[in-house]
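Thanks for making time this morning. I would like to walk through one structure with you, starting from a single residue and then widening the view.

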Amino acid sequence: MQVLSKLTSVPITCKEYVHPWTDSCGIASAEFLIVAVQDSFRIYSAVYMLSLAMRGRIPSLGELKRTIRGLIQSTAFLTMSAFSYSVFLCALRRLFGSYNFYTASYIPAYIAAFCSILVERPSRRGLLCLYVSNVATETGWNMLKARGLARSVPYGEILIFGLSTSILLYYYRLNRQKDYKDSMFDVFRFALGDSEVMKQNEDVAAESRRESRGRERCRRSATSYRLIQLVVRAYLNVISRIKSLKKHELCRHKHSCLYNTLSGGARMFSIGLGIQVIMKVLFQARRIIRRPALLKRAFLSKEILKLGMFLGGFTSLYKLSSCLLRHMTNSDKAIYAIPSGLIASVAFGYYADTTIALYIMWKMLQMTYNWGIEKGYVPKIPGFTMLLYSASTALLFHAATLEPLALRPSYWKFLYSISGGRIMVMDRNGFDVYGLGTSGQISATSKLCNTPPVLKFQI
């Protein structure tokens, strides 16, 4: 079969392509609207209720009102994304008389995404942009691989994670969190503490004097443990000796470098292990109730250690390498965060995940861009977040229409749900002329994601 140019028009109607189940564009759009409202409300109800629950207290009347307003606005945003996409698909076909490779999905999806992001609260636009850019990056890479223009790089996700995390840690060492509030800095503070943040020399000296007095008090109070059992006393004695070992005068942690490394790694390992255990129990609760033996099998599984090994290993390696650099150079510089971050990122191999790596990469790019604007290195582009969101979302919708095998299965299922299954019954046979095997990809994706072409709603 002859492969047409991407700009060559395909003479198919929107009835044949967008809504083969009805002759009316208006009825098809109304169906998309009603289904999208239902699914959007369901999704964001769970999100906003979870947000309230995580505060750990009974919400006030003002918080409830803000939550309801946010729920309605977010539901309108997501509904607008699905509904306006179908509207613009039909409108562009009526305007140009046919479809080509770009008007088949990308251009109408871009317009729809831009209109919908205007509906959402400005405070949420950055987070949404970060998420869709993450998924779009993976999708774009898969599209390039399918064309033979790129190939998988061994341990590529570890490399992306390492480079991106190192730069973010450099910003953290520079104490950038004072100027740029971001949850990523809160994660670093929780895992690494404030001891890796650069401070003035006089602050370091004062802090060192306070820690010396603290260690002296600890030695005087050691006699209070004489009556404790022998094993516990021996353990405390070992810990006390490790704490009192040497540390560099520029190190801002309270105890020795060895203790700082071991205690930080052990703490994060236990947190990672606890998260995995809780997740295992929650997601397999029904099976465990029916077969209690599965609980023992789950705890003995090597999989349950992976998150803990990553978190604990990353923390220990970063702290250890940072201390070694201070000892070897007799100095403390923010740039040391980069080699320390690269070394620590080796631990990501225990829990290597493309989604996490790409999220960290986009977070690093976001902070770098904002810092570049502050320093005057790059110009500020008005509406850049909305433009990037629109371009990323358009790529995802385009892939779902013409190259669904490049799309992340979870995102395909999301589009399937938000459209009430209509994304499956859109007739793409006319676009096989572009040489992508679109109709075959749709069938393969349906089997892979277990999404049968059944409509959940009928007018």
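M424 counts as buried, at 10% relative accessibility, where buried means under 20% relative accessible area, exposed means over 50%, and partly exposed lies in between, with a 1.4 Å probe and protein chains only. Please keep in mind that this is a predicted model, in which local features need pLDDT of at least 70 and side-chain atom pairs count only at pLDDT 80 or more, while totals for chains, interfaces and linings use all residues. Residues are numbered from 1 along each chain as its sequence is written, and side-chain values use heavy atoms, with hydrogens and water left out.

M424 sits in helix α18, residues 422-425; helices here are DSSP runs (H or I, at least four residues), strands are E runs of at least two, and both are numbered from the N terminus. Between the C-alpha atoms of M424 and T401, which are 23 residues apart along the chain, the separation is 9.3 Å.

My second residue is S345, found in the loop between α14 (337-344) and α15 (354-375). S345 is buried too, with a relative accessible area of 2%. Leaving aside residues up to four places away in sequence, S345 touches I158, F161, G162, T165 and F314, a contact being heavy atoms within 4.5 Å.

Now to the whole protein, which has 19 helices and zero strands. Of its 459 residues, 43% are buried. Among contacts between residues at least 6 apart in sequence, 75% join residues at least 24 apart.
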